[in-house]
Amino acid sequence: MFKTRTGLHQLAEKGETLFEKSVTPVAQREAHPANHPAGISSDRTQAVTIRSVTTRKDRALFIKLPRLLYQGMASYTPPLDIEQRDLLDPGKAPIFRHASVRYFIAWRGARPVGRIAAIVDYVATARWEERIGLFGALDAEADESVIRALLDAARAWLRENGMVQMRGPVTLNCHGESGVMVSGQDEAPMIATPWHPPHLHRMMERIGLKKEMDLLTFRLDLKQDYDFSSLFPQGFAPGSGRYEDISISRLSKRQIAAQGEVLRALYNDAWADTYNFVPMQAHEMRTMIKALRPVLRPEHYVQIDQNGAPVAMALVVPNIFDLTRDIGPQPSPLGWVKLAARIMTHRCESARVILLGVSHLVRGTMLGALLPPLAISELLSRRNKLPYRYVELGWILETNTPMLNLVERFVTQPNKTHRIYAESLAGPPRS
């Protein structure tokens, strides 16, 4: 536990936004590309300059920059700008109530060529009792000098703010978009799942970042019939016999919103001992429920109780990309009308299981082993009420052997892989 955590954490608890406050600005940094191949544009001969985001105009550019960098890439589908503002704008994103964040944009001349966020999450450092800073929102054109300069800026700011390790990418914490995409670029886009071109992780590793953990996603085709019977003991039936104390809650849309605190408590309990876990705060859960409420249906949520107390849950959310693919990131007035109509009629073809967990009260018991397949099978039993052709299960830690053993009974290979990197910030700054 580091000495300055207590004072900073108390400041965060007061609800103050720490974005661009009480931090030493990173000096402008330049990285000169060397040994460029013949025929490269003259733009590449200009130095890469890193600038802090300090104005609303800068912030708007930071939020939309990935679609400017990746436009024209066949596999890239940009998310709604408004969705990204909810994730990154200090006035909207709940993490700014308990974290200090600095945004940087890389420039080559007058052209923006990359971005990165550096984050000190005081809830995370208190939980881990380690001075681990985070980086996220890393996007860049295919140029190692750009990526190196962005990472150098994040390292320097994290050091200035007392961090001794760096981990990421996460945008802007583990409850947001996690990892850089390593595989699955040609798969259909999915809600809250980051997309990156293949060059990004390759260049990150080439300049020295080391893998810490892979996050795996699996695609479950709902046109197939899955036999879960082999996963349960003979005669297993919740609500009867040995399992008469087990019940499956069917909550209304209104109840799901009201159950936010129950869901948060169960989520924090279920994930408490896992890699990179940070307890979800009440304001984060309220923000998530508010954002999801227009698309939530009772069929999306499974809660399993033992003697009336929640012991497991699963939440599936519809894939907003199915509704926006032909509307674009900045819908016209007509586009917004189309989107509203599609939300009301629930025209999604896919969804993602974003929460799946079991309480520590039953974890490691026979009942605890039965609850994940019970939650998944219950979700699948509701297929006739939902229009989805497939769901994605993820992400799942590559070290989560019990869950991987369960999922791989039905899907042998992940369809997407994201990677988290880590490095020490001790020692002299990199040149």
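Modeller: A charge sits over a ring if NZ of Lys or CZ of Arg is within 6 Å of the ring centre and within 35 degrees of the ring normal. In this structure R51 lies over the face of W107, 4.8 Å from the ring centre, and R115 lies over the face of F62, at 4.9 Å from the ring centre. This is a predicted model, in which local features need pLDDT of at least 70 and side-chain atom pairs count only at pLDDT 80 or more, while totals for chains, interfaces and linings use all residues. Residues are numbered from 1 along each chain as its sequence is written, and side-chain values use heavy atoms, with hydrogens and water left out.

Colleague: How many aromatic pairs does a search of the whole structure find, and what kind of pair do Y70 and W195 make?

Modeller: A pair of aromatic rings is described by the distance of the centres and the angle of the planes. Rings of Phe, Tyr and Trp (its six-membered ring) pair if their centres lie within 6.5 Å, with planes under 30 degrees apart counted as stacked, over 60 as edge-to-face and the rest as tilted. The search of the whole structure gives 12 aromatic pairs. For Y70 and W195 the centres are 5.6 Å apart and the planes stand at 65 degrees, so this pair is edge-to-face. The pair links distant parts of the chain, since Y70 is in helix 2 (residues 56-70) and W195 in the loop between strand 9 (180-183) and helix 6 (198-206), 125 residues apart; helices (H or I, at least four residues) and strands (E, at least two) are DSSP runs, numbered from the N terminus. Y70, at 1% relative accessibility, is buried, and W195, at 16%, is buried as well; the term buried means under 20% relative accessible area, exposed means over 50%, and partly exposed lies in between (1.4 Å probe, protein chains only).

Colleague: Where do Y226 and F410 lie, and which residues form one aromatic cluster?

Modeller: Y226 and F410 form an edge-to-face pair, at 5.6 Å centre to centre and with 90 degrees between the planes. Y226 is in the loop between strand 10 (210-221) and strand 11 (246-249), and F410 is in the loop between helix 13 (401-407) and strand 16 (416-424), so the pair ties together parts 184 residues apart in sequence. Y226 is buried at 15% relative accessibility, whereas F410 is partly exposed at 22%. The aromatic cluster consists of Y267, W271, F277 and W395.

Colleague: How many salt bridges does the structure hold, and which residues do shared partners join into one network?

Modeller: A salt bridge is a side-chain nitrogen of Lys or Arg within 4 Å of a carboxyl oxygen of Asp or Glu, and the structure holds 21 salt bridges. In one of them E212 meets R167, with the closest N and O atoms 2.9 Å apart; E212 is in strand 10 and R167 in strand 6, 45 residues apart. E212 is partly exposed at 30% relative accessible area, and R167 is buried at 9%. The salt bridge of E205 and R419 is 2.8 Å, N to O, and, because E205 is in helix 6 and R419 in strand 16, this pair ties together parts 214 residues apart in sequence. E205 is partly exposed at 31% relative accessibility, whereas R419 is buried at 14%. The side chains of E261 and R264 also meet in a salt bridge (2.6 Å, N to O), and both residues lie in helix 8 (residues 260-271), three residues apart, about one turn of the helix. Salt bridges with shared partners join E205, K211, D214, E398 and R419 into one network.

Colleague: Which peptide bond is cis at P169, and where is N307 found?

Modeller: Most residues other than glycine have a negative phi, and most peptide bonds are trans. Here the bond from G168 to P169 is cis, with omega near 5 degrees, and P169 is in the loop between strand 6 (165-168) and strand 7 (170-171). The bond from T171 to L172 is also cis, with omega near -5 degrees. N307 has a positive phi, near 50 degrees, and is found in the loop between strand 12 (301-306) and strand 13 (309-318). N307 is exposed at 64% relative accessibility, whereas H346, which has a positive phi of about 55 degrees, is buried at 7%.
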